[in-house]
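Here is a short briefing on one protein chain. Look over the sequence and the model before reading on.

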Amino acid sequence: MQGQGELRDQTAEYQERIDDWAKKAVQRFRKAAGGVTPRTCPICGYHGLFPAFGQPPRFDARCGSCGSLERHRLIWLMVLREDFFEDDHAVLHFAPEQQLSGRIRVRVDRYETADLREADILTHRVNIEDTGLPDCSYDRIVCNHVLEHVDDTKALAELFRMLRPGGKALLSTPVIEGWAKTYEPEGIDSREARKLHFGQADHVRFYGRDIRDRIRAAGFQLREVVAEGQDVIDYGLWRGEAVFVATRPREQPE
Ligand SMILES: [Zn+2]
């Protein structure tokens, strides 16, 4: 058994070590928080330092001008390179991100937004699991970081239904690529438990690689665009992050 005095001495020594470590960590963070290496934003054209963002923070994450994050820039590179939006398109944008919304609006014929929450900027206040919006009415649907909050079987069926044949949905969500199967255990129903298990209080699962099977099961053909190579360096992307392009086939399989 240790004596009380000995224990106190050890605690004091431990606290000193922690204080020293924390001081160094804060110094390192302050040095990098404003940006480490100049990057380019393909959305707004800004070139310069990008501040850190996120919890824990990711360095060079947030555009110093328009506030775009890594995934917005990955999406926009794809949009530019593939001419994803055309001027006669009808587009529906779920949970519209302000970093993308205005840029999409000016490129297309009809731009509509949708979300469950109340907001002045919305065209439709609807639940993605059952929108009540008409069949085959959009050329493009944009749906980033929504599927991990909802019944994805219902949501993907809705996206498929609302797209015109040949239409495309742009989908992204957090995915753990090292997991074969999506983590979705029963009984995780408090905010605290969901934050612990799924990383955020309003997430209902953590996707594994099988997210692709779920998207295909709704009838989509699937392609993905991955952040890699020089793009990661130039545009400050998140290595390996994927964006899914899900196409409603023109011909329905027999
Ligand atoms: Zn920007």
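The points below go from the whole chain to single residues.

This is a predicted model: local features need pLDDT of at least 70, side-chain atom pairs count only at pLDDT 80 or more, and totals for chains, interfaces and linings use all residues. Residues are numbered from 1 along each chain as its sequence is written.

**Whole chain**
- The protein chain has seven helices and nine strands. Both are DSSP runs numbered from the N terminus: helices are H or I with at least four residues, strands are E with at least two.
- Its C-alpha trace spans about 80 × 45 × 35 Å along the principal axes.
- Of the 254 residues, 29% are buried. Buried means that 20 or more other C-beta atoms lie within 10 Å of the residue's own; exposed means 12 or fewer, and partly exposed is in between, with C-beta atoms placed from the backbone.
- Among contacts between residues at least 6 apart in sequence, 57% join residues at least 24 apart. Two residues are in contact if their C-beta atoms, placed from the backbone, lie within 7 Å.

**The sheet**
- Seven strands form an open sheet with mixed pairing, in the order β5-β4-β3-β6-β7-β9-β8. β5 (124-125) and β8 are the edge strands; each has a single partner, so one side of each lacks a neighbour in the sheet.
- Two strands pair if DSSP finds at least two bridges between them.
- β3 and β4 run parallel, joined by five bridges. Here V91 stands opposite Y111 in β4.
- β4 (residues 110-115) also pairs with β5 in the parallel sense, over two bridges. D115 stands opposite R125 in β5.
- β3, α3 and β4 make a right-handed β-α-β unit. Right-handed means that, with the strands pointing away from the viewer, the path from the first strand over the helix to the second runs clockwise.

**Core**
- The largest nonpolar core has 48 residues. Such a core is a set of buried Ala, Val, Leu, Ile, Met, Phe, Trp, Tyr and Cys residues joined through C-beta atoms within 7 Å.
- I141, C143, L159, A169, L171 and I215 have the most contacts inside this core.
- Leaving aside neighbours within four places in sequence, I215 is in contact with L156, L171, F220, L222, F244 and A246.

**Helix α4**
- In α4 (residues 152-162), the buried residues are D152, A155, L156, E158, L159 and M162. They lie on the same side of the helix, because they cover an arc of only 155 degrees around the axis. That arc is taken from the directions from the helix axis to the C-beta atoms.
- Their cover includes β3 (90-94), β6, β7 and α6 (211-217).

**Helix α2 and what follows**
- α2 (residues 70-82) has 13 residues and reaches 18 Å from its first C-alpha to its last, close to the expected 18 Å. The expected span is 1.5 Å times one less than the number of residues.
- E70, R71, H72, R73, L74, I75, W76 and V79 are buried in α2. Among the elements covering them are α3 (98-105), β8 (221-226) and β9 (242-247).
- Just after α2, D83 takes a positive phi of about 45 degrees.

**E241**
- E241 is found in the loop between α7 and β9. This residue is partly exposed, with 19 other C-beta atoms within 10 Å.
- Beyond its neighbours within four places in sequence, E241 is in contact with E70, R71, L74 and A227.
- E241 and A227 are 14 residues apart in sequence and 5.3 Å apart in space, C-alpha to C-alpha.
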